[in-house]
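Student: Could we go through this one together, and could you tell me what stands behind each term?

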Amino acid sequence: MAGHNKWSKIKHRKAAVEKKKTKLWSKISRAIMVAARNGGGDPASNLSLRYAIDEARYANMPRDTIERAIKKGTGEGDTSSFETIRYEGYGPGGSALIIDALTDNRTRTINDVRLAFTDAGGNVGASGCVAYMFHARGTIVITSTAPGAPLTEDRAMELGLDAGAIDVRPLGTDEDDRPVFLVLTSVEGFESAKKSLEAAGVSIREARLSMEPETRVTLSGESAETFNALVDALEDLDDVQNVYTNADTAGDPSGESDA
């Protein structure tokens, strides 16, 4: 999902965490089913499935839920109509967004995505209209394993560099007030970095292949509010798996004021 202000949202809107978790599990289950359908049910030989299972594990999805999704993908459920689609568009204040979806109905999905953009005064563009502003990266969100033992910025940087990271960025704090950091890797170094960070004993909150912008724009005031509403509307769509953007909102702890 979009990382522009996710961690501050979780901290200040704890009442919505359970709802967001349920929706996240649903999206990950769909990704597992499609990965298993396309490449088989063995994560040792299906890299996409292994990534999806890892994502489920970091989201604390129950093992039996993961196993049911794999079984559905390999024949005990019909996922044959799902396909992956990427949309690109322009939002408020010069923001650019990339939206990845898994859908069994292209018309429904594009109509829903287009409506979200229209309501925010933006528009869906042609394929490639903003993709050139982004690079494929591995993104790993880490924190300490216990609230009483915070992960310092120096330690996060040391662990990230030891893991082969391109960059390490602060993302504010989580719901337990633990400092959270984003570790950026190359696509090729993503898997080895995850293993290195896990071996170091930190808690991985998220890990996925992502799209990171070359440069960022900072939004404030009405533009920031409209942009946040747009991202929320997109992420609420069942067909949308991930939203990537080049925008930060003023006061965002992920800030460079960060994904």
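This is a predicted model: local features need pLDDT of at least 70, side-chain atom pairs count only at pLDDT 80 or more; totals for chains, interfaces and linings use all residues.

Student: Why are α5 and α8 called roughly antiparallel?

Tutor: Helix α5 (residues 106-119) and helix α8 (residues 221-235) pack at about 165°, with their axes 9 Å apart. Angles over 145 degrees count as roughly antiparallel and those under 35 as roughly parallel, so α5 and α8 are roughly antiparallel to each other.

Student: What makes the contact between α5 and α8?

Tutor: Val113, Ala116 and Phe117 of α5 and Leu230, Ala233 and Leu234 of α8; contact means heavy atoms within 4.5 Å. By class, that is six nonpolar, no polar and no charged residues. Ala, Val, Leu, Ile, Met, Phe, Trp, Tyr, Cys and Pro count as nonpolar, Asp, Glu, Lys and Arg as charged, and the others, Gly among them, as polar.

Student: And what makes α3 roughly parallel to α7?

Tutor: α3 and helix α7 (residues 190-199) pack at an angle of about 30°, their axes 12 Å apart. That angle makes α3 roughly parallel to α7. Here Arg50, Tyr51, Asp54, Arg57 and Tyr58 in α3 meet Phe190, Glu191, Lys194 and Glu198 in α7. The class count is three nonpolar, no polar and six charged residues.

Student: How do you know which residues Asp238 touches?

Tutor: Leaving out residues up to four places away in sequence, the contact list for Asp238 is Lys23, Lys27 and Arg30. Asp238 sits in the loop between α8 and β9. Its C-alpha atom is 7.8 Å from that of Lys23, although Asp238 and Lys23 are 215 residues apart along the chain.

Student: How much space lies in the second largest pocket, and which residues are the closest to its centre?

Tutor: About 680 Å³. Of its 27 lining residues, Ala31, Ser48, Glu55, Leu209 and Asn242 are the closest to the centre.

Student: Which element gives the largest share of that lining?

Tutor: α2, with seven residues. Other elements that each supply at least two residues include α3 (47-58) and β9 (240-245). The whole lining divides into 15 nonpolar, seven polar and five charged residues.

How values were computed
Residues are numbered from 1 along each chain as its sequence is written. Side-chain values use heavy atoms; hydrogens and water are left out. On a 1 Å grid over the protein atoms alone, a cavity is a set of points where a 1.4 Å probe fits but cannot get out, and a pocket is an open set with protein on both sides within 12 Å along at least five of seven lines; lining residues have an atom within 4 Å of a point. Grid points are joined across faces, edges and corners, and a volume is the space filled by probe spheres set on the points. Helices (H or I, at least four residues) and strands (E, at least two) are DSSP runs, numbered from the N terminus. Axes are lines fitted to C-alpha atoms, for helices over the stretch in contact, and angles run from 0 to 180 degrees between N-to-C directions. Angles under 35 degrees count as roughly parallel, over 145 as roughly antiparallel, 65 to 115 as roughly perpendicular and the rest as oblique.
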